[in-house]
Amino acid sequence: MVVQAYILIQTDVGKAAEVAARISDIKGVIHAEDDTGPYDVIVRAEARNVDELGKLVVARVQTIEGITRTLTCPVVHI
């Protein structure tokens with residue numbers, strides 16, 4: 001089973017492109033792109049299960065310098 005999620009990220013002013021580039025190098029990240037709007041970076045990620053996804057977000061993504069806030073939105077297929 002694979003769990004996927006979108007991670008919406010707010011960054012310090014002027015840090016979006018740098019944060020997106022650093023996140024792109026993380027194993028489990030499918031796509032990371034800086035954009036405009038209420039969130040500065042949108043990430044698509046996947047993991048083997050919800051626990052691994054949580055570890056990816058908390059231990060790998062949220063520790064990147066320049067990130068001020070994240071919102072994780074799991075993808076659900078019904």
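Below are legends for close-up views of this predicted model.

The model is predicted, so local features are reported only at pLDDT of at least 70 and side-chain atom pairs only at pLDDT 80 or more, while totals for chains, interfaces and linings use all residues. Residues are numbered from 1 along each chain as its sequence is written, and side-chain values use heavy atoms, with hydrogens and water left out.

**View A. The buried face of helix H1.** Helix H1 spans residues 16–24, and within it Ala16, Val19, Ala20 and Ile23 are buried (under 20% relative accessible area; over 50% is exposed and anything in between partly exposed, with a 1.4 Å probe and protein chains only). Helices (H or I, at least four residues) and strands (E, at least two) are DSSP runs, numbered from the N terminus. Looking down the axis of H1, you will find these buried residues within an arc of 100 degrees, so they line one face of the helix; the arc is taken from the directions running from the helix axis to the C-beta atoms. Their packing partners are strands E1 (3–11), E2 (29–34), E3 (41–47) and E4 (67–74), together with helix H2 (50–61).

View B. Take a moment with Val61: beyond its neighbours within four places in sequence, Val61 is in contact (heavy atoms within 4.5 Å) with Ile7, Ile9, Ile23, Ile26, Leu56 and Ile67.

**View C. Thr11 in strand E1.** Thr11 lies in E1 and is buried, with a relative accessible area of 11%. Setting aside neighbours within four places in sequence, its contacts are Ala16, Val19, Asp40, Val41, Gly66, Ile67 and Thr68.

View D. On a 1 Å grid over the protein atoms alone, a pocket is an open set of points where a 1.4 Å probe fits, with protein on both sides within 12 Å along at least five of seven lines, and lining residues have an atom within 4 Å of a point. Lys27, one of the lining residues, lies in the loop between H1 and E2 and is exposed at 73% relative accessible area. Leaving aside neighbours within four places in sequence, Lys27 is in contact with Leu56 and Arg60; the C-alpha atoms of Lys27 and Arg60 are separated by 9.3 Å, although the two are 33 residues apart along the chain.

View E. E1, H2 and E4 each supply at least two lining residues. Val75 is also among the lining residues; Val75 sits in the segment after E4 and counts as partly exposed, at 23% relative accessibility. Not counting residues up to four places away in sequence, Val75 touches Gln4, Ala5, Tyr6 and Arg44.
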